[in-house]
Amino acid sequence: MEARVTSEPKFNSVTNGGARIVVGDDDDEVLSPTDLSEMLAEGTKESHDRAENCQFVKDFLRGRIKRELFKRGTVALYFVYSAMEEEIEKNKDHPHIAPIYFPAELHRREALARDLEYFYGEDWESQISLSTGTKPYVDRIHEVGETDPVLLVAHSYTRYMGDLSGGQILKKVAQRALKLPSTGEGLNFYQFEGIHSHKGFKQLYRSRMNELELDTETKERIVDESNRAFGFNMMVFTELEEIGKTIKEEVQDAGLGHSHAEIMQGGDINKCPYYAAKMAVSGNPTYACQLAMMLLRHPPCQVALAAWVAVLAGFAAWYLL
């Protein structure tokens with residue numbers, strides 16, 4: 001894999017928050033079971049299974065999301081990313097943080113602030129507060145940042161790599177279901193203007209992470225912390241689900257969820273979520289995509305398939321990176 005920085009001769013200049021990165025994504029990665037990224041994928045499978053069965057997540061991916069819940073979810077993310085990026089900034093020179101320090105490319109706090117201004121108005125800061133379900137997540141991030149910074153690797157990887165994968169599916173679902181402007185207002189969180197190839201950047205990030213000098217025990221602690229991060233996210237989802245039961249608001253029909261046909265527009269097979277999910281699960285991408293296209297020719301199957309595809313693909317792309 002080839003990586004270069006267009007404004008500085010050395011790539012690690014991005015640790016100072018500046019240069020635009022161009023990443024080649026033509027080369028395949030050669031991974032080992034002892035690589036941290038592989039240990040994370042294997043070690044978080046059970047957490048992944050639990051997360052994909054959260055009702056809030058399943059409803060979201062079907063396009064059944066209430067505007068008020070989306071706003072509150074954005075608030076939760078704002079507090080989580082504010083905490084995470086504050087601690088990453090404090091530890092940016094730590095030997096296990098510096099190699100994966102990409103503030104210009106990844107940091108989401110400012111993008112979330114713009115989204116909150118769109119939803120709540122100029123005085124948005126006076127209208128939001130840290131919820132009971134989000135506080136343990138935020139407190140844990142501050143705790144590891146102050147006492148055990150290497151565990152920030154788990155939180156950073158879990159969140160940012162998810163944003164670059166399944167998060168892009170959520171963006172399309174939210175835009176359609178909530179009828180948000182096509183110009184991107186309210187969805188700045190999902191837009192990574194400094195990254196021109198999501199696939200290439202994820203490969204670069206994984207490579208940097210796998211090159212960290214970590215013993216087996218520390219890698220296992222990072223995996224454990226990633227599972228803990230899953231748990232914190234599920235607490236937020238559960239809280240939103242409970243709040244949703246008290247909100248009387250019309251939701252969009254499930255048919256406004258992420259459609260397979262939309263993803264396949266342009267004929268890019270790599271954008272087919274059914275293909276991506278089945279490739280991750282069964283290793284037979286050709287058959288999987290053919291089956292999906294066959295089912296899509298039958299109108300009665302389209303809505304059900306779109307919902308299933310979105311659920312499976314979103315989490316496969318997010319966590320089985």
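**Exercise 1. Determine how many helices and strands the protein chain has.**

Solution. The secondary structure of the protein chain consists of 15 helices and two strands, where helices (H or I, at least four residues) and strands (E, at least two) are DSSP runs numbered from the N terminus. The model is predicted: local features need pLDDT of at least 70, side-chain atom pairs count only at pLDDT 80 or more, and totals for chains, interfaces and linings use all residues. Residues are numbered from 1 along each chain as its sequence is written, and side-chain values use heavy atoms, with hydrogens and water left out.

**Exercise 2. Identify the residues of the largest nonpolar core that touch the most other members, and examine L106.**

Solution. Step one: a nonpolar core is a set of buried (under 20% relative accessible area, 1.4 Å probe, protein chains only) Ala, Val, Leu, Ile, Met, Phe, Trp, Tyr and Cys residues joined through side-chain atoms within 4.5 Å. Step two: the largest such core has 75 residues, and F60, F70, L106 and I222 touch the most other members. Helix α4 (residues 67-90) supplies the largest share of this core, 11 residues. Step three: beyond its neighbours within four places in sequence, L106 is in contact (heavy atoms within 4.5 Å) with E85, Y160, L164, F192, I195, F201 and Y205.

**Exercise 3. State what part of the protein chain is buried, and what part of its contacts joins residues 24 or more positions apart.**

Solution. Of the 321 residues in the protein chain, 52% are buried. Among contacts with a separation of 6 or more, 78% are between residues 24 or more positions apart.

Methods:
Buried < 20%, exposed > 50% of the residue type's maximum accessible area, 1.4 Å probe, protein only.
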